[in-house]
Amino acid sequence: MSLDPPTYLASLQSNIRQRPIPWDGAVRAGTLTEEQLARIRSVDKVKKDVRKQTIESDLEGYSALFVGGSGKKSVLELATKRQDVVQYILVLLNDLLTTVPSLSKALAKTGDPYQHFIPLLGHRTVTDDPIPLLTSTVLVSLMAGSRDESQAASKALPLIYSYLSSLTTNSDPGLQDIGVQEYSSLLYGRVPRAQFWEQRSETVAPLVKILRAAAGIGSGGDATASLWSGTTNPSRSGFEGSLGGGVGLQLLYHVLLVIWQLSFEAADIGDDLNKEYDFIALYTQLLRLSPKEKTTRLLLSTLLNILTANQNTLLAIAVLARLPTLLETLKTRQFNDPDLREDLDQLRELLEEYTKTKTTFDEYVGEVNSGRLHWSPPHRNTVFWAENARKILDYENGALIRKLVDIMKQPWEDDKSVLAIACNDVGYLVREVPEKRGQLEKLGLKTRVMELMGEADENVRWESLRALGGWLQYSFDTK
C-alpha cells in the first residue's frame with residue numbers, strides 16, 4: 001500500500017540528494033572503490049527508466065554494492081567513517097528500492113541483507129543524526145518490497161518495530177507519522193502482523209494512545225468511564241485542522257489504516273484487543289467524531305472485521321457501547337463511498353440480528369466474558385439483580401462467577417473502575433442470594449473484597465465496603 005512520504009522525511013532526503021559528494025577524493029581515501037563508484041554514477045541522477053534498466057541488467061553487481069559478496073565489503077562497510085557518504089548511499093538505495101522492485105527481491109535472496117543495516121539503527125539520536133531514520137526507510141522498503149518472510153526477516157523485524165516505536169512515541173507529530181507509515185508498509189502478511197501484535201506494548205499501545213487523544217480521552221478510570229458515558233471532550237479545532245490532543249487528520253488516518261491492517265488477524269487478537277485497550281468503546285467514540293469519509297470508512301471496516309470474527313464475545317460489548325444507535329444515525333447521512341455504505345449496512349445487519357434475540361442478561365454475560373467491566377446499565381439496576389442474580393451464579397456451573405473472580409484478581413492499574421464495578425456486582429449477589437455466600441467465599445471473593453478496602457482509589461474502597469456490608473449484614477442476621 002503506497003502512501004505519500006511524510007513531509008519531514010521527503011525534505012530530509014531531498015536535502016541529502018542535493019549535497020555535493022567529492023566522489024573521486026573518496027575513492028582515493030579508500031571510502032569506496034572505483035567499481036562501486038562506477039555503479040553509483042550509473043544510477044544516480046538519471047531518469048527512472050534508465051535506472052531500472054541498468055540495475056535489472058546487473059542485479060548481482062548492485063546487490064554486492066549494497067550488501068557485499070564474494071569476500072568484498074559493501075560500500076556502507078567501507079564508508080563507515082564518512083557520515084555524509086553513508087547518508088547519501090542510504091537515500092540512493094531507498095530510491096532504487098522504491099523504483100526497481102526486482103532489487104528488493106535480489107537483495108532478499110542474498111541470505112541476510114538486514115544484518116548490514118540493523119546496526120545503523122543503534123545511533124538512536126533521531127533528531128540529531130538522520131542515519132537511523134534513513135536506515136529504517138531502507139529496511140522497510142527492502143522487506144516490504146520483497147514481501148520477505150524468511151528467517152532472516154523474522155529475526156530483523158522485532159528490531160525494526162522497536163526502532164519505529166521510538167518514532168511513534170516521539171513528541172514530534174512528523175516523526176510519529178513516519179513511524180506509523182512505515183508500520184503500514186510492513187503489515188503485508190500474517191507473519192509481520194503477528195509479530196506486530198506480539199510487540200503490542202511497543203507497537204499498538206502508542207497508537208491507541210494517539211487515538212484516545214483524538215477522541216478526547218485521557219488515561220485512567222475516570223477517562224474510561226467518560227468514554228462509556230459518551231461525555232468525552234475532543235476539543236476539536238475544526239474538522240479541517242485537528243482533533244483532540246492536537247492529533248492531525250493525516251496522522252489519525254494513518255493510525256486508523258495500521259489498525260485496519262491489523263484487524264485482518266481479528267480471530268486471533270480481537271478479544272485481547274478489546275480487553276487491553278477498550279477497543280470497541282474507543283472506536284465507537286471515534287466513529288461518532290469522525291470528520292471525513294476516509295476515516296469513517298476505516299473505522300467501520302475495522303469494526304466489521306473485529307466483530308464478525310468475535311461475535312460470541314464482542315457483539316454484546318458493541319451493544320453496551322451504543323454502537324447500534326450510532327449506526328442508525330450514520331445511515332441517515334449521504335456517503336459517496338460505496339465501500340463505506342456496504343460496510344455500514346453489513347455492520348447494522350450483524351448487530352440487528354444479534355439484538356433480536358439477546359436480553360440484558362445476555363449482554364451482561366458478554367461483558368463479563370470479555371474480561372473487562374464498564375458502568376453499563378445492568379450493574380446498578382436493582383431490578384436486573386433481583387431477576388438475574390441466581391441465574392448469574394448458576395450460569396454454566398459457575399463459569400461466569402469464576403470469570404468475575406479472574407477479573408478481580410488483576411490490579412487494573414490503568415482503570416480502577418473495573419475493580420469498583422466488580423465489587424458492586426459481588427455486593428448485589430450477596431444481598432440477592434445470601435445463602436450462596438459460602439460458595440462466593442470459597443472462590444476467594446470475600447478475601448479479595450476485604451483486600452480492596454485498602455485501595456487508594458476511593459470508588460474501589462466505597463464499593464468494596466458496600467459489598468462487605470452485605471456479608472456482615474447476613475452474618476449478623478443468622479446469629
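**A chat about loops, rings and helix packing**

Student: Where is the place of Lys-45?

Tutor: In this predicted model, Lys-45 sits in the loop between helix H3 (34-43) and helix H4 (48-56).

Student: Is Lys-45 buried or exposed?

Tutor: Lys-45 has a relative accessible area of 61%, and because values over 50% count as exposed, Lys-45 is exposed. Its phi is near 55°, which is a positive value in a residue other than glycine. As background, most residues other than glycine have a negative phi.

Student: And what phi does Asp-278 have?

Tutor: Asp-278 also is not a glycine, and its phi is positive at about 50°. Asp-278 belongs to the loop between H16 and H17, and with a relative accessible area of 1% this residue is buried, whereas Lys-45 is exposed.

Student: Let's step back, then: how many helices and strands does the protein chain come to?

Tutor: The secondary structure of the protein chain comes to 28 helices and zero strands. The chain has 479 residues, of which 54% count as buried, and its C-alpha trace spans about 100 × 50 × 40 Å along the principal axes.

Student: What share of the contacts with a separation of 6 or more is between residues 24 or more positions apart?

Tutor: In the protein chain, 72% of the contacts with a separation of 6 or more are between residues 24 or more positions apart.

Student: Back to H22, how many of its residues are buried?

Tutor: Eight of the 11 residues of H22 are buried, so that the helix is mostly covered. The buried residues are Phe-361, Glu-363, Tyr-364, Val-365, Gly-366, Glu-367, Val-368 and Ser-370.

Student: Which helices do those buried residues pack against?

Tutor: The buried residues of H22 pack against helix H16 (266-277), helix H19 (311-320), H23, helix H24 (399-409) and helix H25 (417-432).

Student: Now the aromatics: how many aromatic pairs does a search of the whole structure find?

Tutor: Searching the whole structure gives 11 aromatic pairs. In one of them, the ring centres of Tyr-364 and Phe-384 are 5.5 Å apart and the planes stand at 55°, so this pair is tilted. Tyr-364 belongs to helix H22 (residues 360-370) and Phe-384 to helix H23 (residues 382-394), so the pair ties together parts that are 20 residues apart in sequence.

Student: Are Tyr-364 and Phe-384 buried or exposed?

Tutor: Tyr-364 counts as buried at 1% relative accessibility, and Phe-384 is buried as well, with a relative accessible area of 4%.

Student: Which residues do ring pairs link into a cluster?

Tutor: The cluster linked by ring pairs is made up of Tyr-364, Phe-384, Trp-385 and Tyr-428.

Student: Which ring does the charged end of Lys-294 sit over?

Tutor: The charged end of Lys-294 sits over the ring of Tyr-253, at 4.6 Å from the ring centre. There is also Arg-380, whose charged end sits over the ring of Trp-375, 3.7 Å from its centre.

Student: Changing topic to packing, at what angle do the axes of H17 and H18 cross?

Tutor: The axes of helix H17 (residues 279-289) and helix H18 (residues 293-309) come within 10 Å and cross at roughly 155°, and H17 and H18 are therefore roughly antiparallel to each other. Their crossing is left-handed. The residues of H17 that make the contact include Tyr-283 and Leu-287, and those of H18 include Leu-299, Leu-303 and Ile-306.

Student: How do H17 and H20 cross, by comparison?

Tutor: H17 and helix H20 (residues 323-331) have axes that come within 10 Å and cross at roughly 20°, which makes H17 roughly parallel to H20. H17 passes H20 in a left-handed crossing. Thr-284, Leu-287 and Arg-288 of H17 make the contact with Leu-323, Leu-326, Leu-327 and Leu-330 of H20.

Student: Last one, where is Arg-82 found?

Tutor: Arg-82 is in the loop between helix H6 (75-78) and helix H7 (83-99), and is partly exposed, with a relative accessible area of 24%. Leaving aside neighbours within four places in sequence, Arg-82 is in contact with Pro-22, Ala-26 and Thr-31. Its C-alpha atom is separated by 58 Å from that of Leu-419, a residue 337 residues apart from Arg-82 along the chain.

Terms used:
Residues are numbered from 1 along each chain as its sequence is written. This is a predicted model: local features need pLDDT of at least 70, side-chain atom pairs count only at pLDDT 80 or more; totals for chains, interfaces and linings use all residues. Side-chain values use heavy atoms; hydrogens and water are left out. Rings of Phe, Tyr and Trp (its six-membered ring) pair if their centres lie within 6.5 Å; planes under 30 degrees apart count as stacked, over 60 as edge-to-face and the rest as tilted. Helices (H or I, at least four residues) and strands (E, at least two) are DSSP runs, numbered from the N terminus. Buried means under 20% relative accessible area, exposed over 50%, partly exposed in between (1.4 Å probe, protein chains only). A charge sits over a ring if NZ of Lys or CZ of Arg is within 6 Å of the ring centre and within 35 degrees of the ring normal. Axes are lines fitted to C-alpha atoms, for helices over the stretch in contact, and angles run from 0 to 180 degrees between N-to-C directions. Angles under 35 degrees count as roughly parallel, over 145 as roughly antiparallel, 65 to 115 as roughly perpendicular and the rest as oblique. A crossing is left-handed if the near helix is turned anticlockwise from the far one by less than a right angle, and right-handed if clockwise. Contact means heavy atoms within 4.5 Å.
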